[in-house]
Amino acid sequence: MSSTTGTRIVVTGATGNVGTSVVRLLSEDPEVASVLGLARRIPEWSPARTEWAAVDLASDRADLTGHFAGADAVVHLAWAFQPTHDPATTWRTNVLGSIRVFEAVAAAGVSALVHASSVGAYSPGPKDRAVDESWPTHGWPDAAYCREKAYLERALDTFERDHPGIRVVRMRPAFLFKRESASEQRRIFGGRFLPGPLARPELLPFLPDVPGLRVQALHTDDAANAYRLAVRSGGARGPFNLAAEPPVDAALLGEMTGVRPVRLPRTAARSAIAAAWGLHLLPASPHLFDAVLRLPLMDCTRARAELGWRPVHTATEVLEEFLRGFQEGAGAATEPLRGRKVG
């Protein structure tokens with residue numbers, strides 16, 4: 001570690017899927033003296049050397065500069081996925097809230113900012129080869145999630161220009177899963193009307209095989225370790241792709257579950273999603289579905305070479321663990337991750 005022993009790290013969005021893993025790994029790291037977790041609601045969970053503060057990034061009254069004072073690094077993870085029918089609300093939290101974080105990092109004199117970007121920031125790209133971090137980050141304009149992630153990439157371009165002394169790291173992970181996130185992700189993307197058989201794939205008559213539906217996955221703990229390595233590295237800057245092998249498609253899911261993939265046209269799948277979303281039966285929007293079909297596959301060579309990072313779990317293992325958690329209604333002792341079974 002290039003900086004002095006006994007660092008103080010602040011983590012925003014500390015009680016969510018990624019935040020709980022990042023806080024846990026940092027609290028277990030002997031090089032880290034203390035962790036301050038920021039979240040809208042303070043959890044019952046209390047790891048070693050960790051303090052909590054209730055902060056709502058959507059509020060312009062939040063004293064972020066005060067919370068960041070004395071910190072060696074800020075890991076910015078806070079993000080609101082819903083309401084998907086009201087993009088102005090998510091914009092206030094995700095974009096305006098992030099800009100408040102960036103400004104407070106500079107005002108407090110924090111030397112490092114590690115920001116949670118995403119594969120969703122990337123412009124449409126190939127599914128038959130992997131792209132590196134130089135691929136354009138203009139997102140998919142119809143999807144609020146991608147639009148917000150891409151906008152923040154541009155905001156960070158300006159931030160880095162104006163504050164060259166602050167080390168800025170942009171993590172661009174694939175879809176992140178762990179057992180404890182199953183209930184939260186079901187609520188975010190599937191909603192309370194999600195059919196029960198989806199928790200038991202063997203009850204499904206077939207798996208929809210939609211052209212372009214080939215993505216990457218990663219265990220949340222593996223992503224969290226990349227964040228930890230970036231915090232500890234005094235020289236790491238810029239973007240890092242994070243993903244596990246192999247890429248996930250209908251063929252792989254069919255092998256995992258024993259359910260036969262059946263080709264389904266994009267238009268049919270999108271129409272079904274759009275209808276359910278329009279009726280407020282499904283939180284995930286058809287615009288996000290459009291984006292997922294166009295996301296590129298990512299090459300993670302830079303994270304391996306510069307951070308010494310390698311995922312412990314394969315994508316298959318990640319999905320198997322997540323599916324078990326989905327069936328069991330798994331969760332954790334924070335408000336975003338509270339467990340709940342389907343039905």
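This is a predicted model: local features need pLDDT of at least 70, side-chain atom pairs count only at pLDDT 80 or more; totals for chains, interfaces and linings use all residues.
The protein chain as a whole has a mean pLDDT of 92, with 94% of its residues at 70 or more.

Helix 1 covers residues 17-28 and helix 6 covers residues 220-232. Their axes come within 8 Å and cross at roughly 55°, so helix 1 and helix 6 are oblique to each other. The crossing of these two helices is right-handed. On the helix 1 side, the residues involved are Asn17, Val18, Ser21, Val22, Arg24, Leu25 and Leu26; they meet Thr220, Asp221, Ala224, Asn225, Tyr227 and Arg228 in helix 6. Sorted by class, this contact has six nonpolar, four polar and three charged residues.

Then there's Gly139, which sits in the loop between strand 6 (130-131) and helix 4 (144-162). Despite being a loop residue, Gly139 has a relative accessible area of 5%, so it counts as buried. Leaving aside residues up to four places away in sequence, Gly139 touches a run of neighbours made up of Gly120, Ala121, Tyr122, Ser123 and Pro124, along with Cys146 and Ala150. Lys149 is ten residues from Gly139 in sequence, and the C-alpha atoms of Gly139 and Lys149 are 7.3 Å apart.

Technical notes: Residues are numbered from 1 along each chain as its sequence is written. Side-chain values use heavy atoms; hydrogens and water are left out. Axes are lines fitted to C-alpha atoms, for helices over the stretch in contact, and angles run from 0 to 180 degrees between N-to-C directions. Helices (H or I, at least four residues) and strands (E, at least two) are DSSP runs, numbered from the N terminus. Angles under 35 degrees count as roughly parallel, over 145 as roughly antiparallel, 65 to 115 as roughly perpendicular and the rest as oblique. A crossing is left-handed if the near helix is turned anticlockwise from the far one by less than a right angle, and right-handed if clockwise. Contact means heavy atoms within 4.5 Å. Ala, Val, Leu, Ile, Met, Phe, Trp, Tyr, Cys and Pro count as nonpolar, Asp, Glu, Lys and Arg as charged, and the others, Gly among them, as polar. Buried means under 20% relative accessible area, exposed over 50%, partly exposed in between (1.4 Å probe, protein chains only). pLDDT is the predictor's confidence in each residue, from 0 to 100.
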